[in-house]
Amino acid sequence: QVQLVESGGGLVQAGGSLRLSCTPSGFIFRINDMGWYRQAPGKQRELAATITKGGSTNYADSVQGRFTISRDNAKNTLYLQMNSLKPEDTARYYCNAVLSLPGGRGESWGQGTQVTVSS
């Protein structure tokens, strides 16, 4: 239905910045809320930030004030600006989209992009 492709990850020193992008394709008109989740080795996937179609945002306490989520509704493209990065931000970052489907709600996930922050 909807495919998501993340980009923008990489290796950065502590204190640095990265900007992640998520580009959807397919039935993008079905996309409602979007978000970024992350998963560090040996840990469960956790929410980093979400944004509604209307632009309301929600952040995990651990990234509040350092990360900014935004979206271009014309393109349904999602961004995550990450500043003041810390080694504990090292994880694989996944894009998520909540979908409106004929049978109800669904969701789509990207393959993820790796972010590594060195100390």
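What follows is a quick chat about the strands, the core, the pocket and a few loop residues.

Me: First off, what kind of model is this?

Reply: It's a predicted model. Keep that in mind for everything below.

Me: OK. Which strands make up the open sheet, and in what order?

Reply: There are four of them, in the order S1-S3-S8-S7, and the pairing is antiparallel.

Me: Which strands stand at the edges?

Reply: S1 (2–7) and S7 (67–72). Each has a single partner strand, so one side of each is left without a neighbour in the sheet.

Me: And the twist, what does it average from one strand to the next?

Reply: It averages 15°.

Me: How many bridges between S1 and S3?

Reply: Six, with S3 covering residues 18–26 and the two strands paired in the antiparallel sense.

Me: Now S4. What does it pair with?

Reply: S4 pairs with S5 over five bridges, in the antiparallel sense. S4 is also joined to S9, by seven bridges, and those two run antiparallel as well.

Me: Which residues are the bridge partners of Gly 35, then?

Reply: In S5, the partner of Gly 35 is Thr 50. In S9, the partner of Gly 35 is Asn 96.

Me: What about Trp 36, which residue is its bridge partner in S5?

Reply: That's Ala 49. Ala 49 also has a bridge partner in S6, namely Tyr 59.

Me: How do S5 and S6 pair?

Reply: In the antiparallel sense, over three bridges, with S6 being residues 57–59.

Me: Is Ala 49 buried or exposed?

Reply: Ala 49 counts as buried, because its relative accessible area is 0%, and the cut-off for buried is under 20%.

Me: How far is Ala 49 from Glu 88?

Reply: Their C-alpha atoms are separated by 16 Å, and the two residues are 39 apart along the chain.

Me: Switching topic: what's in the largest nonpolar core?

Reply: It has 28 residues. Those with the most contacts inside it are Met 34, Trp 36, Ile 69, Leu 78, Leu 80, Met 82 and Tyr 93.

Me: Which strands supply at least two residues of this core each?

Reply: S1, S3, S4 (31–39), S5 (46–51), S7, S8 (77–82), S9 (91–101) and S11 (113–118). The largest share comes from S9, with five residues.

Me: Which residues line the largest pocket?

Reply: The lining is Arg 38, Gln 39, Ala 40, Lys 43, Gln 44, Glu 46, Ser 62, Arg 66, Glu 88, Asp 89, Thr 90 and Ala 91. By class, that lining has six charged, four polar and two nonpolar residues.

Me: Let's do hairpins. Which residue takes a positive phi in the one made by S4 and S5?

Reply: Gly 42, with phi near 80°, and that hairpin has six residues between the strands.

Me: And in the hairpin of S5 and S6?

Reply: There, Gly 55 takes a positive phi near 100°, with five residues between the strands. Gly 54 is found in the loop between S5 and S6 too.

Me: Is Gly 54 buried or exposed?

Reply: Gly 54 counts as exposed, at 76% relative accessibility. Gly 54 and Pro 87 are 33 residues apart in sequence, and their C-alpha atoms are 32 Å apart in space.

Me: Which residue has a positive phi although it is not a glycine?

Reply: Ser 84 does, at about 50°. Ser 84 lies in the loop between S8 and S9, and is partly exposed, with a relative accessible area of 41%.

Me: How far is Ser 84 from Ala 14?

Reply: They're 7.0 Å apart in space, C-alpha to C-alpha, and 70 residues apart in sequence.

Me: Where does Ala 14 lie?

Reply: In the loop between S2 (10–13) and S3. Ala 14 is partly exposed, with a relative accessible area of 40%.

Me: Great, thanks!

Key: Residues are numbered from 1 along each chain as its sequence is written. This is a predicted model: local features need pLDDT of at least 70, side-chain atom pairs count only at pLDDT 80 or more; totals for chains, interfaces and linings use all residues. Side-chain values use heavy atoms; hydrogens and water are left out. Two strands pair if DSSP finds at least two bridges between them. Helices (H or I, at least four residues) and strands (E, at least two) are DSSP runs, numbered from the N terminus. Axes are lines fitted to C-alpha atoms, for helices over the stretch in contact, and angles run from 0 to 180 degrees between N-to-C directions. On a 1 Å grid over the protein atoms alone, a cavity is a set of points where a 1.4 Å probe fits but cannot get out, and a pocket is an open set with protein on both sides within 12 Å along at least five of seven lines; lining residues have an atom within 4 Å of a point. Ala, Val, Leu, Ile, Met, Phe, Trp, Tyr, Cys and Pro count as nonpolar, Asp, Glu, Lys and Arg as charged, and the others, Gly among them, as polar. A nonpolar core is a set of buried Ala, Val, Leu, Ile, Met, Phe, Trp, Tyr and Cys residues joined through side-chain atoms within 4.5 Å. Buried means under 20% relative accessible area, exposed over 50%, partly exposed in between (1.4 Å probe, protein chains only).
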